[in-house]
Amino acid sequence: MTGTIRTVGVCGAGGTMGAGIAIVAARAGYRTISFDRSAEALARARKQTEAFFAKSVERQKLSAEERDAILANMQSSTELADLGACDLVIEAVFEALSVKQELLGDLDTICPPQTIFASNTSTLSITEIASGCKRPDKVVGMHFCLPAQLMKLIEMSPGILTSDETMQAAWDFTERCGQIPVKTQDKPGFILNALLVPFNNDAIRAVEAGVASPADIDRAIKAGLGYRMGPLELIDLIGLDTQVRLSEAFYPITLDQRAAAPPLLRRMTSAGLLGRKAGRGFFTYDGNAMFGA
């Protein structure tokens, strides 16, 4: 492995997306520090990560020795100060501008000047997120697809003040991880969510209107359009509460009525039917193993 990035930090690594990003970095040979304020969430993510790699060995995608080396390279911490050793910090925390700005401000005082900050935001402005720290030239958008450990695409978005050097270093990192980077502009939803948020809400409205069952809607989409996962399965995977937050972030910016959260989505979220992580959403699940494990 070559390049200036050697140690990678992931903020919010107790969550599904953050844990997947940590797997991507560690699997590529980077020393990886998984940070989350919840020790319980980190422990759960570690257990799921070990199960994921056990399945990789079982499927002969990794040797047992390779798995052990990857896991040995992964460190968990509830102390933000431990990220001071990182060359790249990727945040995958709550999708709220103020939360991300505050995090970057804190990291600014902890990390050395050369550290790059990347945001996994899917709807918020990279330029606005970068305003939370004093090194906006070192901030870049790096939107992984869920589940990050299986999906290859990363939407790479420079803010107005992102330097060419930062963009290139981040781009090189994604390629060394075996991912497929695509450059997008710093606009709401980038490519995927600009299309998916309204589309997923349309699928929810079809359920709400009684057009068909969730299973039949997904079956039609997969069989007719060639998708590997139906929209309702995808919403269960990302979390119904996440779909609400995406809608709430996207709709005020675009005023696209299709991006507004459907009433059924809000009712299900209020009832705790959050998808895979809760064991029930549009479908019912047994256990909370990491997707792909």
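## Burial, packing and backbone in a predicted model

Cys 111 counts as buried because its relative accessibility is 6%, where buried means under 20% relative accessible area, exposed means over 50% and partly exposed lies in between, for a 1.4 Å probe and protein chains only. The model is a predicted one, in which local features need pLDDT of at least 70 and side-chain atom pairs count only at pLDDT 80 or more, whereas totals for chains, interfaces and linings use all residues. Residues are numbered from 1 along each chain as its sequence is written, and side-chain values rest on heavy atoms, with hydrogens and water left out.

**Cysteines**

- A disulfide is taken as a pair of cysteine sulfur atoms within 2.5 Å, and the structure holds zero disulfides.
- Cys 111 is accordingly in no disulfide, and the cysteine sulfur nearest to that of Cys 111 belongs to Cys 86, 6.3 Å away.
- Cys 145 is likewise in no disulfide, with the nearest cysteine sulfur, that of Cys 177, lying 14 Å away; Cys 145 is buried, at a relative accessible area of 9%.

**Aromatic pairs**

- A pair of aromatic rings is described by the distance of the centres and the angle of the planes.
- Rings of Phe, Tyr and Trp (the six-membered ring in the case of Trp) pair if their centres lie within 6.5 Å, and planes under 30 degrees apart count as stacked, those over 60 as edge-to-face and the rest as tilted.
- The structure holds three aromatic pairs. In the pair of Phe 52 and Phe 53, the ring centres are 5.5 Å apart and the planes stand at 70°, so this pair is edge-to-face.
- Both partners are buried: Phe 52 has a relative accessible area of 4%, and Phe 53 has a relative accessibility of 0%.

**Nonpolar cores**

- A nonpolar core is a set of buried Ala, Val, Leu, Ile, Met, Phe, Trp, Tyr and Cys residues joined through side-chain atoms within 4.5 Å.
- The largest nonpolar core has 43 residues, of which Val 8, Ile 90, Met 142, Phe 144 and Phe 173 touch the most other members. Helix H1 (residues 16–27) gives the most to this core, namely seven residues, where helices (H or I, at least four residues) and strands (E, at least two) are DSSP runs numbered from the N terminus.
- With contact meaning heavy atoms within 4.5 Å, and with residues up to four places away in sequence not counted, Phe 173 touches Ile 5, Val 8, Ala 25, Tyr 30, Leu 88, Ile 90 and Met 142.

**Cavity**

- Rolling a probe the size of a water molecule over the atoms shows where empty space is left.
- On a 1 Å grid over the protein atoms alone, a cavity is a set of points where a 1.4 Å probe fits but cannot get out, and its lining residues have an atom within 4 Å of a point. Grid points are joined across faces, edges and corners, and a volume is the space filled by probe spheres set on the points.
- By this rule there is one cavity of 30 Å³ or more, and the largest cavity has a volume of about 100 Å³.
- The residues lining the largest cavity include Ala 13, Ser 34, Arg 46, Met 74 and Gln 75.
- H1, helix H2 (39–58) and strand S3 (74–77) each supply at least two residues of this lining, and H2 gives the most, with four residues.

- Asn 200 has its place in helix H7 (residues 192–208) and counts as buried at 3% relative accessibility. Leaving aside residues up to four places away in sequence, Asn 200 touches Pro 231, Leu 234, Ile 235 and Gln 243.
- Glu 66 has its place in helix H3 (residues 64–72) and is partly exposed, with a relative accessible area of 41%.

**Backbone geometry**

- The peptide bond from Leu 146 to Pro 147 is cis, with omega near -5°, and Pro 147 lies in the loop between strand S6 (139–144) and strand S7 (153–158).
- Phe 190, a residue other than glycine, has a positive phi, near 50°; Phe 190 lies in the loop between strand S8 (180–183) and H7 and is buried, with a relative accessible area of 10%.
- Leu 255 also has a positive phi, of about 55°, although it is not a glycine; Leu 255 lies in the loop between helix H10 (240–254) and helix H11 (263–270) and is exposed, with a relative accessible area of 60%.

Notes:
On a 1 Å grid over the protein atoms alone, a cavity is a set of points where a 1.4 Å probe fits but cannot get out, and a pocket is an open set with protein on both sides within 12 Å along at least five of seven lines; lining residues have an atom within 4 Å of a point.
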